[in-house]
Amino acid sequence: MKMFKLLPAMAGVGALVITLSGCGGTQPAPGAAESSKPTDVSLYYSAPITQQSLGTIAKEHNLFPSSVNVDVKGGDSTVGMTLVSSGRVQVYINASPTPEQVVSGGAQVKWAGTWQEGIDTVFLGRGDVETLQDMKGKRFGIIQKGLTLSVMGNEALRRAGLTAADYTSVPLGTLPAVNAAFAAGTVDGIVTDPASAAELLKKVDGSKSLFDFYGNIPWNGAGVAVNTEWAAKNPAAASAVLEGLNAALKLIHEDPAKVTPTIGKLTGLSGPALDASIARFTEHSAKEIKPLTLETEQEIIKILKDDGEAWATPTFAEGMIGDPKYLADALQKK
C-alpha cells in the first residue's frame, strides 16, 4: 500500500516516553473517578495465522487486565495500516515491513515488542523450478508489492543472484489467491505460510520447497506495535494490553491444548495441520514478549533499502524501536 509514501518520511519520530505508574491490573476501587473506568483499546491483527493469535487468545481467555476493554479485530494488512496510522487502532499485531511503511509516511507508531525474530514462511517452486536461480524468466506470485511476502521473496531471490528484472512479480491480492495461482500453475513460485506450503506440496505435482526463511533471514515475523500518541497519553493501558498479550503467549507455550480451539477458529486449520502450526509456533517463538533488537531492525531496514525503499536508513531503524520501559512494566505483572 503506497499511499503513505506520499507523505514525508519521519525517521526521527521521537522516542516513546511513558510514565510507569498504576499499570492497570486491579479492579477500580468503589467510588473511583470516571477516569478509572476501563480504557477502551482497539487491537488489530493483520493475518489469521497462529503467530498473530495472541490478541484473540487473550480476549477469549480473559487474560487482559480489567483496566482495559480490548476490542480485537483482524483483516487485511493494508486496512490495518490505514487504521493504525490514523489512530483509530491503538495496538497493531503484525510483521515487518508494515509498521515500518506506516512510519515512513509520518504515522506515530513504534514497535513495542516481538515474539518471533524470524519470518515463518517458505518459498515454493513448481515445474522446472528446482532452485531459486531457476526463477529467472518465471512468474512470482505475490499479494501486493511492498508487503511482507513480496519483500521476503525478493530478498531470497537477490541472495540467489537474481534482480527484479529477471522475473515477473504477479500481484494477486490475497494469500488464498496466491496459493490458488500456484496450485493452478499460473505462477511458478510463491512465498507462503508453512501450513499452506504443506498442503500445496502434497497436491501439486512437481512442487518443492526452495527456501525456509525462518532462521535464515533475521526479521520481525510477529510483534506488537503501538500508536505512540495514544500510548503517551495512556501508559497504564499500553502496559496492560502488553500484559494480556504476554499472558496469551505464556498460555500457548504452557498449555497449547487449551488454546487449540481458539487458534483453530482464527486460522481455519484443523487436525494435524492445526497441531503442526501450533508446534511450529512454540518451537520458533520466544516464551515472553521481548524488545526488538537494533541489530535485527537494522537488518530489516537494509532489506527494505535493497527492495527499493529510499526512506529505509540506519537512522530510521533506530527510530522504530519504542521505549522498552512499559514492556518491562507489563512483564513484571506476568
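Colleague: What makes the meeting of the Glu299 and Arg159 side chains a salt bridge?

Modeller: The N to O distance between Glu299 and Arg159 is 3.5 Å, and the term asks for a side-chain nitrogen of Lys or Arg within 4 Å of a carboxyl oxygen of Asp or Glu, so the pair qualifies. Please keep in mind that this is a predicted model, in which local features need pLDDT of at least 70 and side-chain atom pairs count only at pLDDT 80 or more, while totals for chains, interfaces and linings use all residues. Residues are numbered from 1 along each chain as its sequence is written, and side-chain values use heavy atoms, with hydrogens and water left out.

Colleague: What separates Asp306 from Lys302 in helix 11?

Modeller: They are 4 residues apart, which is about one helical turn, and their side chains meet in a salt bridge at 3.0 Å, N to O. Asp306 is partly exposed at 39% relative accessibility, and Lys302 is partly exposed at 46%. Elsewhere, salt bridges that share partners join Glu155, Arg158, Arg159, Glu299 and Asp307 into one network, and by the same rule the count comes to 13 salt bridges.

Colleague: What makes Lys73 and Asp71 a salt bridge?

Modeller: Their closest N and O atoms are 2.6 Å apart, which is within the cut-off already given. Lys73 is partly exposed, with a relative accessible area of 47%, and Asp71 is partly exposed at 35%.

Colleague: How many aromatic pairs does a search of the whole structure find?

Modeller: The search finds 5 aromatic pairs. Phe140 and Tyr167 form an aromatic pair with 6.1 Å centre to centre and 75 degrees between the planes; rings of Phe, Tyr and Trp (its six-membered ring) pair if their centres lie within 6.5 Å, and planes under 30 degrees apart count as stacked, over 60 as edge-to-face and the rest as tilted, so this pair is edge-to-face. Phe140 lies in strand 6 (residues 139-142) and Tyr167 in the loop between helix 4 and strand 7 (168-171). Phe140 is buried at 0% relative accessible area, and Tyr167 is buried at 8%.

Colleague: Why are Trp311 and Phe316 called tilted?

Modeller: Their planes stand at 55 degrees, with 4.9 Å centre to centre, so the angle belongs to neither the stacked nor the edge-to-face range. Both Trp311 and Phe316 are buried.

Colleague: What makes Arg126 lie over the face of Phe182?

Modeller: Arg126 is 5.8 Å from the ring centre of Phe182, and the term asks for NZ of Lys or CZ of Arg within 6 Å of the ring centre and within 35 degrees of the ring normal.

Colleague: How do you know that strand 4 and strand 10 pair?

Modeller: Two strands pair if DSSP finds at least two bridges between them, and strand 4 and strand 10 (residues 222-227) share 6 bridges in the antiparallel sense. Within this pairing, Trp111 stands opposite Ala225 in strand 10. The open sheet has 5 strands in the order 2-1-3-10-4, with mixed pairing.

Colleague: Why do strand 2 and strand 4 stand at the edges?

Modeller: Strand 2 (68-74) and strand 4 (109-116) each have a single partner strand, so one side of each is left without a neighbour in the sheet.

Colleague: What do the buried residues of helix 2 pack against?

Modeller: They pack against strand 1, strand 3, helix 3 (98-104), strand 4 and strand 10, where contact means heavy atoms within 4.5 Å. These buried residues are Ser77, Thr78, Gly80, Met81, Leu83 and Val84. Just after helix 2, Gly87 takes a positive phi of about 90 degrees.

How values were computed:
Helix = DSSP H or I, 4+ residues; strand = E, 2+ residues; numbered from the N terminus. Buried < 20%, exposed > 50% of the residue type's maximum accessible area, 1.4 Å probe, protein only.
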